[in-house]
Protein chains: 2
Amino acid sequence: MTNPTVVQAPNGSEVSFWRREQLLAHWSTRRDVKALAYGCRLNALSAIQAAGSGHIGTSFSSMDIMVTVRQFLAGDSFLTKAHKDRGIFFSSKGHDAPAFYAVMHLCGQLEDSDLLTLRRLGGLPGHPETITPGVPTNTGSLGMGISKAKGFIKAQRLNDPASRNPVVVMLGDGELNEGQIWESLPGAVRDGFSELIAIVDSNNIQSDTWTDKTLPMGDIQKRVEGSGWHYLECDGHDIEGIQGALRAAESDPRPSFIVAKTIKGSGVSWMEAFDQSGDYYKFHSGAIADDLYRDAIVQLAPGFTGEAADGASGVGSENRNEFDGLTPRPRPTNMLVLWEQLLPKLMAENSEIVIMDGDLSYDTGTHLARNQFPQRYIQAGIAEQDMVSMAGTMALAGKTPIVHSFATFLTMRAAEQIFNNATEYSRVLYFGFLAGLVPSAPGFSHQAVSDVGLMASVPRMRLVEPSCLVELESAAKWALNQPDPVFFRMGGLAPLESAQVSVSPGDLVERVPGTKSALVASGPLLAQEALQAVEALQNANGSSPALFTMPWIAEPLSATALENLASFEQVIVLENHNPAVAKHHFVTQQLVGTSTRVHRIGLDGIPANGQPAEVLAHHALDGKAIVAAIQALGTD
Amino acid sequence: MTNPTVVQAPNGSEVSFWRREQLLAHWSTRRDVKALAYGCRLNALSAIQAAGSGHIGTSFSSMDIMVTVRQFLAGDSFLTKAHKDRGIFFSSKGHDAPAFYAVMHLCGQLEDSDLLTLRRLGGLPGHPETITPGVPTNTGSLGMGISKAKGFIKAQRLNDPASRNPVVVMLGDGELNEGQIWESLPGAVRDGFSELIAIVDSNNIQSDTWTDKTLPMGDIQKRVEGSGWHYLECDGHDIEGIQGALRAAESDPRPSFIVAKTIKGSGVSWMEAFDQSGDYYKFHSGAIADDLYRDAIVQLAPGFTGEAADGASGVGSENRNEFDGLTPRPRPTNMLVLWEQLLPKLMAENSEIVIMDGDLSYDTGTHLARNQFPQRYIQAGIAEQDMVSMAGTMALAGKTPIVHSFATFLTMRAAEQIFNNATEYSRVLYFGFLAGLVPSAPGFSHQAVSDVGLMASVPRMRLVEPSCLVELESAAKWALNQPDPVFFRMGGLAPLESAQVSVSPGDLVERVPGTKSALVASGPLLAQEALQAVEALQNANGSSPALFTMPWIAEPLSATALENLASFEQVIVLENHNPAVAKHHFVTQQLVGTSTRVHRIGLDGIPANGQPAEVLAHHALDGKAIVAAIQALGTD
């Protein structure tokens, strides 16, 4: 019983985890919450390792709190499947989902077989979603948690005016950047929501680096108390300390805000070791190398068993400096890498460019340019509305701000600010990454599918979805030499080979010549799938549908492009977003009156979560499905 | 020289104002800032009276501050056309635009002839916009001001690293509800923006009533100081007090936050008289009755001239109780009134309905239901993100929240929260008012034109734009008996007469039978214009285009509706929003393969500001333009 169970995960890797019966047996004899948390750490890490991605640092910092809160709500029977919670607990930051799931497994809400389905189609979403029974609400986009807790409380009180069942919401300290957190505080005081307990996993590190190097939040106690809340602090790794804070919070007539001091990566020595001079925390997200994984298991297991684990790998804490020097892991060339390399060149040529990002330097490609032009870089923090409005007045003052975030956070969180900027006849360039169905593992909150519908109806906005370096570079240079705001919809995937030297608005780029049918795609994801489809059809029956990419996705085609398309019997437009006045619309509208028929293959509705190949197949957007669709049209 | 100039305003009413030469002459002899502010109050009031609408209460409370800030930035030459400001001043709340313009006129940035063009096409927008030379940035949607000030400062410092020119932004105290205000504070401290001065027109009353009865903000000093800002208070009607606070702010190394205590409606006795038991402040927005206007002029003029004004009307402060008992002015029957009467009935029938609004009870029709079902009403304050997320979890808990605000604030400020709710498979009903081109007087910030593009691409969202009571009632009852979220796009205009007993998704409602051409409209604005067009064509040449309304605007037509439309040669779809996958798209797509041709007449881009008839003509959306469009098609 002292060793975790070793299994082969769905992705073929070998991982260790504690089965629920092992956790239960341990609790029945030892009653040790801290040990359970170590057990859950091991399980969360293995779930991430099996998934190939996930947020480990915050899962570890929040784990002691999570287990303690569950016991607080359900009492000592909290591991039984029949346990009854007195209230509701969820995590607003959401990227601690691996921890949340590990604790759900601990508490009998997930089976052993569920645990390693993280980030797979039909499995556990990358951020918690209500499609998993037992998850109270969808999270993953930051800042909504206190508002959500208030909604649960209001509903409870409407059902039973005497109810004061605690609603506990976990926040991240980076998440405190978001204005909605501060917006949501006063109403809880006005309405006397004493059962509301917010608990901050205060590990002092946000996405890229230390919170104090990102956007220092000032005196949080003063800000919280100024809003009329009860403020408490505790050690987030001291079970009794957390329990005491929860009890004090529950008995106070005010809503309570507990800052639990934690260590990011708590439980594994080299994950904990990020010193104040460090500028990039390496264990925020992503699976880790195999030798690190093995060492982490060796470090974590004794916390649960009380015994040294088998198989010490030699990569122990004494060797931790070896890891401190790691730079972000090398990435395969993808659209993001193309942008991070292009951006410094553009800034060197144009001194009016100012760049901003929302605590996502490495994920949106600003980190090289930032180092080269620190005066023209603004770290906005996780504060998209502030970032976009600030960009707006810089544009009015003659600068060319280039604003970066993930596509859905940028466009949807700051929609009204983007609209406001557009009505000022100024020019801001918006770069939204992770746009569309893939990456599909993090879940709904990270999948931008409404961004095109929104941005295409913002006045003056031009929309570009490039598929290769030339499309990106041509569009970026064009954007810097015209007066309108531009939304660059960036997939993070491998680009196509460039096919020509430059492109302009209204152009189609021919990727594969062909007859009868033409496929039109934008962005690398569906262009790559379409390419596979075209190649498969060529091999299968010698027929050859054409493939074009269309980088400007929401404006009329040029006369040449139109003439070209009109020579096909069928045009199949591929859209990596929900229906909008974009590619399909313009192609259809402009081919009215010709004999060409236009079809759309694309997303509509809530995108599926899971590994890319799974979700592409699920939505009938992979090469195979595209082949079938073309064959169904009966022309090839 | 002791009487204001009396002129006929563009709308035909007779108004009084101080010409710039009168203001200049007065300043050259008396150097009295307080008196200038009285002069500007009279001018702002007259601008509103000429426009027929505008925000008078906040224009008066902020006036002393505005004039003082302008002198602070430009020195005693601030009334000369050649004056140079040391920095930038703008108002974030924006609805004090009449005051802002009156002060621009005072300072030589607007001519006498501009002053009375408020809210007219080509004149002064209802909220400040950069299309008026001298206006630094577009405002009107709340909460963006500090972020915008930071953008100006960053640009100034990039141009001249030594620059510390003050950037002064005026906020409303109601505006402090918005999360973006609190989101924008920390960055200013981190970046050492000592030249940033926020000054709050703290009149204690927001849109509907007292701030403390809406969403009490707690200890603002503590919250602001906790964020690292320099906090000051002053009497916002004491010129020396304001001057002292500005000087203290400028000399402090931190960004400064001045709370200037003011009186809403300051300068006119009965506008100031709103006691703590009052529940609806009557002078937040709108022109006032003629006798009140005359009395206000009598009260305001002596503040400027130092002499009693001619023509005391007898409606003086001694009679103010006469006005305290006023309920909101009676409104002609319009879509809003239909909703405010229907809502209590729906709540009486369905105990799960919970309603919320964002400090707009009277403008979104919740005030009657609120009084009847206080437990099931939540005043969210001007905090749309918080409101929408709270609605989301209430829906998860089995309630049916109905969320109210103006369409653009609701959809664009809370876009990501709406998306998040939609991915939970829950049902929230969103009621967005002032949707579309009209009301066109308040300016871009209040005109929802991107809302349909956004909402139509949110997963599961159903969109309804009703034109009459039956369409509204049928759709509301339908919405309460199906599982999806629904966006009700509400025009505030006079409804059509109902034409049938009930309607369902996919239906067209025949309003006028006809042949050859069919017009399809949604919502009262364009339906009314289309009706005029149809009637004009019938009268002119006996031909009779048909008119249909289409209440569900973003989903397929029923087979019957489709068959009906396919019997026409031309279908003209009218859209009161920017292009989106909505009516026009579905009609076009479903008529592919028939001989029917589909045309769109609608908005695209930034909507014009001004009086309704002006902007409808400007966008070629009035009855006359629709007639011309039909005639150009050559079928009627």
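Okay, let's start with one pair: B:Glu424 makes a salt bridge with A:Lys148, and their closest N and O atoms are 3.2 Å apart. By salt bridge I mean a side-chain nitrogen of Lys or Arg within 4 Å of a carboxyl oxygen of Asp or Glu. Across the interface of chain A and chain B, the rule finds eight salt bridges. As for helix α6 of chain A, residues 145-159, it gives the side of chain A that touches chain B its largest share, nine residues. Helices here are DSSP runs of H or I, at least four residues, and strands are runs of E, at least two, numbered from the N terminus.

Quick housekeeping. This is a predicted model, where local features need pLDDT of at least 70 and side-chain atom pairs count only at pLDDT 80 or more, while totals for chains, interfaces and linings use all residues. Residues are numbered from 1 along each chain as its sequence is written, chains are lettered from A in the order in which they are written, and side-chain values use heavy atoms, with hydrogens and water left out.

Back to the interface. Chain A puts in 89 residues and chain B puts in 89 residues, with contact meaning heavy atoms within 4.5 Å. The two chains bury about 7,600 Å² between them, 59% of it on carbon and sulfur atoms; that's the accessible area (1.4 Å probe) lost when the two parts are put together, summed over both. On chain A's side, A:Glu183, A:Arg190 and A:Glu416 supply 10% of the area buried against chain B, more than any other three residues.

Now over to a strand in chain B. How many residues of β10(B) are buried? Seven of its seven, in residues 400-406, where buried means under 20% relative accessible area with a 1.4 Å probe, protein chains only. Strand β8 of chain B, residues 353-357, runs parallel to β10(B), joined by five bridges; pairing takes at least two DSSP bridges. In that pair, B:Val354 stands opposite B:Pro401. Strand β11 of chain B, residues 429-433, also pairs with β10(B) in the parallel sense, over five bridges, and there B:His404 has B:Phe431 as its bridge partner.

Last stop, A:Asn609, in the loop between β18 (597-602) and α25 (612-618) of chain A. Buried or exposed? A:Asn609 is buried, at 8% relative accessible area. Leaving out residues up to four places away in sequence, A:Asn609 touches, among others, A:Arg120, A:Pro125, A:Phe444 and A:Val615.

Technical notes. Buried < 20%, exposed > 50% of the residue type's maximum accessible area, 1.4 Å probe, protein only.
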